[in-house]
Amino acid sequence: MKSLDETVIESVVTAMDGEEKEIFPFIPYLLQDLWEMGASPEAIIELIYKNRNDHTKLKILDLGCGKGAVTIKIAEKFNCKCLGIDAVEEFVKEAQEKAEEHSVNDLCRFEVGDIRKRVHDLSNFDIIILGAIGPVFGDYYTTLSKLSNCLKKDGIFIIDDAYLPEHSEINLPHLNKKSEILQQISNAGLHLITEIVFSQKDIRKSNQHISSHLRKRVRELQKKHPAKKSLFKRYLKKQEEENDILEKSVLCSTMLIGKF
């Protein structure tokens, strides 16, 4: 991996539901079996299909694109131009390989970079995708305000995230209730156009798939690096705790946000 700013490393680890920066160099190994790592490409494609016209003319920006699953599947479906940016060099390399494998390398471009800095040089996109990357830019108000300059006048955001039910009494500092999110969206001069909320069954199925691969890779790393055995054990435990929250305590949603 290239040398990265400490805050970038923290953001990547947080987006991967980790807590310790020491896990960062091992993330590509831990996630090597997974192409789709967060947001649902199918849900995003459905929202684009139903809410945009002239699909082939779309210009799409995927921030924190991971291994490019969302970007590549969008390009396959709509034959449109996409740019994906991620801080993990190994993820970007795999995204480039996958784009060639899926014959969309002429439509998809992938870059290694700090998305917080890179967005200052980007503009004129129809859609910005933030797929389960956490609060890299801050809360919803700050994120939408900062990134609006990257969009065309009628551009939209697609954000994959989780929020607390309105009646919830659980204290999770990193999560808001939907009413709080809607207020922040409104304060940014935008509104929630529509969303897809996933069932607990769907979330559980996804978690089980990811966890089975993670457990295998954690066991391998514990054998290869016995001195770091407890680090990998803690990471796996954190994953299991996050999965429990996603399945029982929150609503997982892909939101389409635009102007009035």
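**Helices and their contacts**

Modeller: Helix α1 is followed by Asp17, whose phi is positive, near 60°. This is a predicted model: local features need pLDDT of at least 70, side-chain atom pairs count only at pLDDT 80 or more, and totals for chains, interfaces and linings use all residues. Residues are numbered from 1 along each chain as its sequence is written, and side-chain values use heavy atoms, with hydrogens and water left out.

Biologist: Which residues of α1 are buried?

Modeller: They are Val8, Ile9, Val12 and Val13. Those four cover an arc of only 135° around the axis, so they lie on the same side of α1. The arc is that of the directions from the helix axis to the C-beta atoms. In an α-helix there are 3.6 residues a turn, so residues three or four places apart point the same way.

Biologist: What do the buried residues of α1 pack against?

Modeller: They pack against α2 (27-30) and α6 (115-118); contact means heavy atoms within 4.5 Å.

Biologist: Why does Gln184 count as buried?

Modeller: Buried means under 20% relative accessible area, exposed over 50%, partly exposed in between, with a 1.4 Å probe and protein chains only. Gln184 has 15% relative accessibility, and therefore counts as buried. Gln184 lies in helix α8 (residues 178-187). Not counting residues up to four places away in sequence, Gln184 touches Asp139, Tyr140, Tyr141 and Asn176.

Biologist: Why is Lys216 called partly exposed?

Modeller: Lys216 has a relative accessible area of 38%, so it is partly exposed. Lys216 is placed in helix α9 (residues 200-224).

Biologist: How do you know how α9 runs relative to α10?

Modeller: α9 and helix α10 (residues 229-248) pack at an angle of about 175°, with their axes 10 Å apart. That makes α9 roughly antiparallel to α10, because angles over 145 degrees count as roughly antiparallel, under 35 as roughly parallel, 65 to 115 as roughly perpendicular and the rest as oblique. Axes are lines fitted to C-alpha atoms, for helices over the stretch in contact, and angles run from 0 to 180 degrees between N-to-C directions.

Biologist: Which residues make the contact between α9 and α10?

Modeller: Among them are Ile203, Leu214 and Val218 of α9, and Phe232, Leu236 and Leu246 of α10.

Terms used. Helices (H or I, at least four residues) and strands (E, at least two) are DSSP runs, numbered from the N terminus.
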